[in-house]
Amino acid sequence: MPSVSAVIATFNRAPELRTALSRLLAQTHPVAEILVVDDGSTDGTDAMVRGEFPTVRYVRLPHNAGLIYARNFGFVNTAGDYVLSVDDDSWFAEPDGLARAVAYMETHADVAAVACNIETRDGLVYFPPQADPFDAPWYVGCGHLLRRSAVAAVGLYMPELYRQGEEKDRCLRLIGAGHRVVALPGIMVYHDKSEKGRKPGLERFYNHRNDLIREVARCPAGLLPWRFARSWIGNSWKNLRHGPRLTDLKVLLALPEILRIGLKHRAPVSEDAYRRWLHLSKTAAPLSTTVLSSPPPPSGGGSGRGPAGIHRTFP
């Protein structure tokens, strides 16, 4: 049986983490190891994990280093054939979810990562659960399974991203290396999206900043001027839709840092791979959103229209 390591990064969400661990331990496919990487919590997370989940490995980082550093730490300090990533407020909706994800990857050797379907507490489901698997441009951090050998070959997340956007960069690298990223709509992960630690202004800044860093680092030279400008304008428009913000000014001030980080990690993929990734980001999920209630659509990559008539972007 292939071995699975699970990595959960957490920060000051002890009650949510308790639920996530309990649900993970109830999966029918045994998890060889669970590593909780605590990014400097001060809410008693350490006592809860050590007291209630003695089989779970727990590491508390000495300071808040960011979600991406914590996920990198978890990857290099586990050994399973597959690495499962769920958030501290997410879990499989069904007890055989992990087993079915592993089974799919075992029979599809060219697949480096699978993106699970995501249902959020506001009633949004990313894909119709009955849809067939399809190639996707990226996975979502709160519910995905990685093939360790493929990820090890393309490298860890850029730690300078700190938070957000790391999935896009890694999946672009995986596709550039000839692998596939596949969405599995029938495998649901419930994201009980906690508001603890979420700051919309900060999220908008990092989304904008990290998209630009990714373009500098991965975009082929011939496409880079157009894609850099397109990414800047697109994110600025999203920020404007949320009302007057200082995000664009902060990004402008961060431009030297953006260029420095992007050039430090510059390893562009081929133009064919990059164009394929762009095509997937625009077309992979049209007509693929089920809305159980009527929440406002989130922001993201390529656009589509869900069956309920709500404009939707790929998560």
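A disulfide is a covalent bond between the sulfur atoms of two cysteines. In the search used here, it is a pair of cysteine sulfur atoms within 2.5 Å. The model shown is predicted.

**View 1. Two buried cysteines, Cys171 and Cys219.**
A search of the whole structure finds zero disulfides. Cys171 has a relative accessible area of 0%, so this residue is buried. Cys219 is also buried, with a relative accessible area of 0%.

**View 2. Helix H1, residues 14–25.**
H1 has twelve residues. From first C-alpha to last, the helix reaches 16 Å. That is close to the 16 Å expected at 1.5 Å a residue. Its buried residues are Ala14, Glu16, Leu17, Ala20, Leu21 and Leu24. They lie on the same side of H1, because they cover an arc of only 150° around the axis. What do these buried residues pack against? Their partners include two helix and strand neighbours by name: helix H2 (45–52) and strand E1 (4–10). Strand E2 (33–38), strand E4 (82–86) and strand E5 (90–92) complete the list.

**View 3. Helix H3, residues 67–76.**
The buried residues here are Ile68, Ala70, Arg71, Asn72, Gly74 and Phe75. They pack against strands E1, E2 and E4. They also pack against helix H5 (148–154) and helix H6 (166–176).

**View 4. Strands E2 and E3, paired in the parallel sense.**
E3 spans residues 57–60. Four bridges join E2 and E3. At one of them, Leu35 has Arg57 of E3 as its bridge partner. The chain runs from E2 through H2 to E3. This β-α-β crossover is right-handed.

Key
Residues are numbered from 1 along each chain as its sequence is written. This is a predicted model: local features need pLDDT of at least 70, side-chain atom pairs count only at pLDDT 80 or more; totals for chains, interfaces and linings use all residues. Side-chain values use heavy atoms; hydrogens and water are left out. The expected span of a helix is 1.5 Å times one less than its number of residues. Buried means under 20% relative accessible area, exposed over 50%, partly exposed in between (1.4 Å probe, protein chains only). The arc is that of the directions from the helix axis to the C-beta atoms. Contact means heavy atoms within 4.5 Å. Two strands pair if DSSP finds at least two bridges between them. A crossover is right-handed if, with the strands pointing away from the viewer, the path from the first strand over the helix to the second runs clockwise.
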